[in-house]
Amino acid sequence: MILATERLLKLRADARLERETILEHRVRNGEDPATAYAETPEVDDFVVLALRDEMLEDRGQLAEFGLARLAAIAGGPDAEEHRRTTDRIEFELMRDIAAAVPELTVAVWRIAGKFTAQ
């Protein structure tokens, strides 16, 4: 994956807007601004997640991945297997993003730190 500087700037602008919208929504709903700010992902986190989704879409796996994540959350008999599989796939995607776009490495590892199967 090669990411031009202009594309990264555009992704960051879109992510900034998304983050600001989420923050405004949470604060208008009465949440403490400090809590909302601390709990809302950083701009580059949104960029990394958008790139992850693009990579899954390019591979034709976005819907399958989403369903597997839902199955992991649902807690059925195969939930643990779905969680491990999706964590492994997502961790591999995160490594690819960090290698391709070094500016996003901190955000990549912040997100990857949430996975249990690496």
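The paragraphs below describe the fold, the nonpolar core, the surface and the charged contacts of this predicted model.

The protein chain is built from 6 helices and 0 strands, so that the order of elements from the N terminus reads α-α-α-α-α-α. Along the principal axes, the C-alpha atoms occupy a box of roughly 40 × 40 × 20 Å. Of the chain's 118 residues, 35% count as buried.

Thr5 belongs to helix α1 and Glu57 to helix α3. These two residues are 52 positions apart in sequence, and their C-alpha atoms are 22 Å apart in space. Thr5 is exposed, at 55% relative accessibility, and Glu57 is exposed as well, with a relative accessible area of 52%. Glu57 can also be set against Glu18: here the separation is 39 residues in sequence and 21 Å from C-alpha to C-alpha.

A surface patch is formed by Leu67, Leu70 and Ile73, which together present about 360 Å² of accessible area. Of these, Leu70 sits in helix α4 (residues 62-74). Leu70 has a relative accessible area of 55%, and it is classed as exposed because this value is over the 50% cut-off.

The partners are Phe91 and Trp109, whose rings lie 5.7 Å apart from centre to centre, with 50 degrees between their planes, a tilted arrangement. Phe91 lies in helix α5 and Trp109 in helix α6, so this pair links distant parts of the chain, 18 residues apart. The two partners fall into separate accessibility classes: Phe91 is buried at 14% relative accessibility, whereas Trp109 is partly exposed at 38%. A further ring contact involves a charged side chain, as Arg19 is placed over the face of Tyr37, at 4.6 Å from the ring centre.

Charged contacts complete the picture. In general, side chains of opposite charge can pair when their charged atoms come close. The model holds 17 salt bridges. In one of them, the side chains of Arg59 and Asp96 meet with an N to O distance of 3.6 Å. Because Arg59 is in the loop between α3 and α4 while Asp96 is in helix α5, this bridge ties together parts that are 37 residues apart in sequence.

In the bridge with Asp87, the closest N and O atoms are 2.8 Å apart. Since Arg69 is in helix α4 and Asp87 in helix α5, the contact ties together parts that are 18 residues apart in sequence. Asp87 is buried, with a relative accessible area of 3%. In the bridge between Arg69 and Glu90, the closest N and O atoms are 2.6 Å apart. This pair also links distant parts of the chain, with Arg69 in helix α4 and Glu90 in helix α5, 21 residues apart. Glu90 is buried too, at 4% relative accessibility. Arg69, Asp87 and Glu90 all belong to a network of salt bridges, whose other members are Arg52, Asp53, Glu80, Arg83 and Arg84.

Key
Residues are numbered from 1 along each chain as its sequence is written. This is a predicted model: local features need pLDDT of at least 70, side-chain atom pairs count only at pLDDT 80 or more; totals for chains, interfaces and linings use all residues. Side-chain values use heavy atoms; hydrogens and water are left out. Patches are made of residues with over 30% relative accessible area and no salt bridge: like charges are joined within 9 Å, nonpolar side chains (Val, Leu, Ile, Met, Phe, Trp, Tyr) within 5 Å. Accessible areas come from the Shrake-Rupley method with a 1.4 Å probe; for residues, only the protein chains shown count as cover. A salt bridge is a side-chain nitrogen of Lys or Arg within 4 Å of a carboxyl oxygen of Asp or Glu. Helices (H or I, at least four residues) and strands (E, at least two) are DSSP runs, numbered from the N terminus. Buried means under 20% relative accessible area, exposed over 50%, partly exposed in between (1.4 Å probe, protein chains only). Rings of Phe, Tyr and Trp (its six-membered ring) pair if their centres lie within 6.5 Å; planes under 30 degrees apart count as stacked, over 60 as edge-to-face and the rest as tilted. A charge sits over a ring if NZ of Lys or CZ of Arg is within 6 Å of the ring centre and within 35 degrees of the ring normal.
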